Amino acid sequence: MIDFDVLTAAAFREGVERTTVGTVVHDANGRVLLVRRAGHAVLPGRWEYPGGGREDGEAVEAAAARELAAATGLTGLPLEYARSLDFTDRHGRRVRQFVFTALVPDDTPVTLSPDHDHHRWARPDRLPPTDDAQRTVVEWLTQRLAVPGWRPVGGRLTTVARPTAHGCFLLTDPQGRVLGLRSTVDPGGWNLPGGDVEHGETPFTAALREAEEELGLDLAAENPEIIARRRLIAGIHEQADAAHPVPVCGYVFDGGVLTAEQQARIRLDPAEHTEWRFESAHDWHALMPTDRYRRLLQILRARRGGVPLYLERPGPPDDFEGIMVFVTDGHGRLLMHHRDRNPGIAWPGHWTPIGGWREGEETAEQTAAREVLEEAGIEVTGLRPVPGPHHELVSPLTRVLHTRWNGAETDLRLGDEGLAVRLVRLDEVLDLEVPPYLHHYLPLLAATAGRPAEADPPTGATS
C-alpha cells in the first residue's frame with residue numbers, strides 16, 4: 001500500500017504549497033480520455049484529463065475517484081497510482097499532482113459534469129490543445145504502457161512481496177554482554193530492543209522510539225555520540241513462514257554500552273516485556289532457539305568486523321558461526337587448550353580443542369587456521385571435516401575440523417586467551433578435565449588421525 005500521507009508530508013517539506021489529483025483513463029486501443037472545460041468554467045476551452053483539488057482531510061485515492069466520477073460519471077474503476085506532476089498554478093503556487101491511471105473497455109460511455117462541455121478519446125500523438133505538463137504525463141504514461149509487462153507502480157506493488165520493516169539496537173554492558181528482553185506474549189522469546197517501523201518513520205527512528213518505549217531510556221540522550229553515528233551493524237531479510245506470513249526486513253544498529261547507572265533506570269513496558277538481562281554470546285545459547293541464536297551470532301560477527309553484513313533467514317544450509325579444530329601430530333598427540341575460568345564462556349577451566357567464532361566472511365578452514373595461530377602460535381593447513389555426526393553438546397552452527405601438524409612442541413605459544421596449550425596423548429586426554437563431547441569425538445579422531453598419509457609432510461606443514 002502506498003502511504004500518501006508520507007508522500008504529502010515530503011511534498012510540503014520540499015516547498016510544495018498544494019496537492020491535487022488527476023486520472024489518465026485509457027482504453028485497450030491506447031487512447032486517452034480528455035475532457036474540455038465549459039465556457040463558464042475556469043480556464044474555458046482547455047482540454048485535460050480529469051482531476052482537481054482535495055477536500056480537507058480527504059485521502060488521495062478517494063479524491064482521485066471523486067474527481068473522476070464528477071467529471072466523467074465513471075465510478076468503481078480500479079485506479080493505479082502512476083507518478084506525480086509538479087507545476088505552478090495560475091496563482092503562482094507550487095502544486096504537486098498525484099496522477100493515477102485506469103483501463104476501461106473501448107467506447108465506454110462518459111457523462112460530463114456541468115463544468116465540461118465535451119470529451120474526446122484521443123491518441124497520444126494527436127492530443128487536442130492542452131498544457132505542456134499534462135501532455136508530458138500522457139506521453140510518459142503511454143510510452144510505458146506500450147512496454148510489454150509494464151504496470152504503474154501502484155499496480156506493480158500489488159504483485160510483489162511487500163515486507164514489513166523493523167529497527168532495533170544492539171546494546172551491551174561494560175563486560176560486553178548483550179541486552180535481551182523477554183517477550184510478554186511469547187515468554188520463550190528474547191529480543192533486542194526495537195520494533196516495527198510505523199508510517200513516516202525510518203528504521204533508525206523506529207528503533208529509537210521503540211527503545212524509549214521498551215526501556216524507558218532515550219538513547220539519543222543517554223549515548224549521544226554512538227547514536228549520532230547511526231551505525232548499521234546488519235541488515236536481515238527474514239522470509240515469510242508459518243509464524244509470520246509476510247517477509248520482514250530488519251535493521252540492527254549500534255546502541256553502545258549501558259552503564260550500571262543507566263541499567264538501574266531501565267523501566268520495562270509490562271505489556272511487551274517481563275524481564276531484561278545481559279548475557280554473553282555463549283550463555284544466550286541456552287535461552288534461544290537455534291535460528292534466533294544464529295542470528296545473534298551473525299549480528300555479533302558483523303559488529304566485531306566493523307562492516308555491516310547482509311543476512312538472510314533461513315540462511316544457507318552450510319552456514320556456520322564457530323569452529324572446533326582437532327590438531328594431532330605424528331606421535332598420536334592432540335593439541336589441547338586450557339581455557340580461562342571466566343564466567344560466560346564455554347567450558348571455563350576445562351581442557352578443550354582449539355575453538356572460536358567466525359570473523360567476517362571467513363570460511364570454516366580460514367577461521368580454524370586463524371584461531372590455531374592466535375591461541376597456539378602455529379600455522380596449520382589441510383583442514384578437513386571430522387567424519388561422523390555432531391555431539392548434542394556441540395552446536396550445529398559449529399564446524400568440527402581436523403588437521404595433522406608435525407612441528408615441535410617447543411613451537412607452541414599461548415595467545416591472549418587461556419591458561420596453557422600443550423600436546424596430549426590421545427589415550428591420556430580423558431584424564432584431564434574435559435567436556436563430555438570428547439568421549440564422542442576421540443574414537444572418530446583416532447580413526448582419522450591413524451590413517452597413513454600419502455606422503456610425510458615437512459615439519460610445520462600438514463598432510
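## Stop 1: helix α5

Begin by selecting Phe204, Ala206, Ala207, Arg209, Glu210, Ala211, Glu214 and Leu215, the buried residues of α5. Buried here means under 20% relative accessible area, exposed means over 50%, and partly exposed lies in between, with a 1.4 Å probe and protein chains only. Helices (H or I, at least four residues) and strands (E, at least two) are DSSP runs, numbered from the N terminus.

Before going on, note that this is a predicted model, in which local features need pLDDT of at least 70 and side-chain atom pairs count only at pLDDT 80 or more, while totals for chains, interfaces and linings use all residues. Residues are numbered from 1 along each chain as its sequence is written, and side-chain values use heavy atoms, with hydrogens and water left out.

Now show all of α5: its 13 residues reach 18 Å from first C-alpha to last, close to the 18 Å expected at 1.5 Å a residue. That expected span is 1.5 Å times one less than the number of residues. An α-helix has 3.6 residues a turn, so residues three or four places apart point the same way.

## Stop 2

A pocket is found on a 1 Å grid over the protein atoms alone: it is an open set of points where a 1.4 Å probe fits, with protein on both sides within 12 Å along at least five of seven lines, and lining residues have an atom within 4 Å of a point.

Select His166, Asn191, Glu238, Arg292 and Arg295, the closest to its centre of the 43 lining residues. The lining has 18 nonpolar, 14 polar and eleven charged residues. In this count Ala, Val, Leu, Ile, Met, Phe, Trp, Tyr, Cys and Pro are nonpolar, Asp, Glu, Lys and Arg are charged, and the others, Gly among them, are polar. Which helix gives the most to this lining? It is α9, with five residues.

## Stop 2: the largest pocket

The volume is about 1400 Å³. To find the centre, select His282, Arg339, Ile345, Ala346 and Trp357, the closest to it of the 48 lining residues. The lining divides into 19 nonpolar, 16 polar and 13 charged residues.

## Stop 3: rings

Show the aromatic side chains next. Rings of Phe, Tyr and Trp (its six-membered ring) pair if their centres lie within 6.5 Å; planes under 30 degrees apart count as stacked, over 60 as edge-to-face and the rest as tilted. The count comes to 14 aromatic pairs.

- Phenylalanine 4 and phenylalanine 100 have ring centres 5.7 Å apart and planes at 45°, so this pair is tilted. Phenylalanine 4 is in helix α1 and phenylalanine 100 in strand β6, so the pair ties together parts 96 residues apart in sequence. Both phenylalanine 4 and phenylalanine 100 are buried.
- Phenylalanine 169 and phenylalanine 253 have centres 6.3 Å apart and planes at 55°, so they too are tilted. Phenylalanine 169 in β8 and phenylalanine 253 in β13 are 84 residues apart.
- Phe4, Tyr81, Phe98 and Phe100 are linked into a cluster by ring pairs.

Then select arginine 83 with tryptophan 140: the charged end sits over the ring, 4.9 Å from its centre. Arginine 120 does likewise over tryptophan 47, at 4.8 Å. The rule asks for NZ of Lys or CZ of Arg within 6 Å of the ring centre and within 35 degrees of the ring normal.

## Stop 4: backbone angles

Most residues other than glycine have a negative phi, and most peptide bonds are trans. Which bond is cis? Select arginine 313 and proline 314: the peptide bond between them is cis, with omega near 0°. Proline 314 lies in the loop between β15 and β16.

Next comes aspartate 107, not a glycine, yet with a positive phi of about 60°. Aspartate 107 is in the loop between β6 and β7 and counts as exposed, at 64% relative accessibility. Finish at tryptophan 347, with phi near 55° and a relative accessible area of 26%, so it is partly exposed.

Notes:
Points joined across faces, edges and corners; volume = space filled by probe spheres on them.
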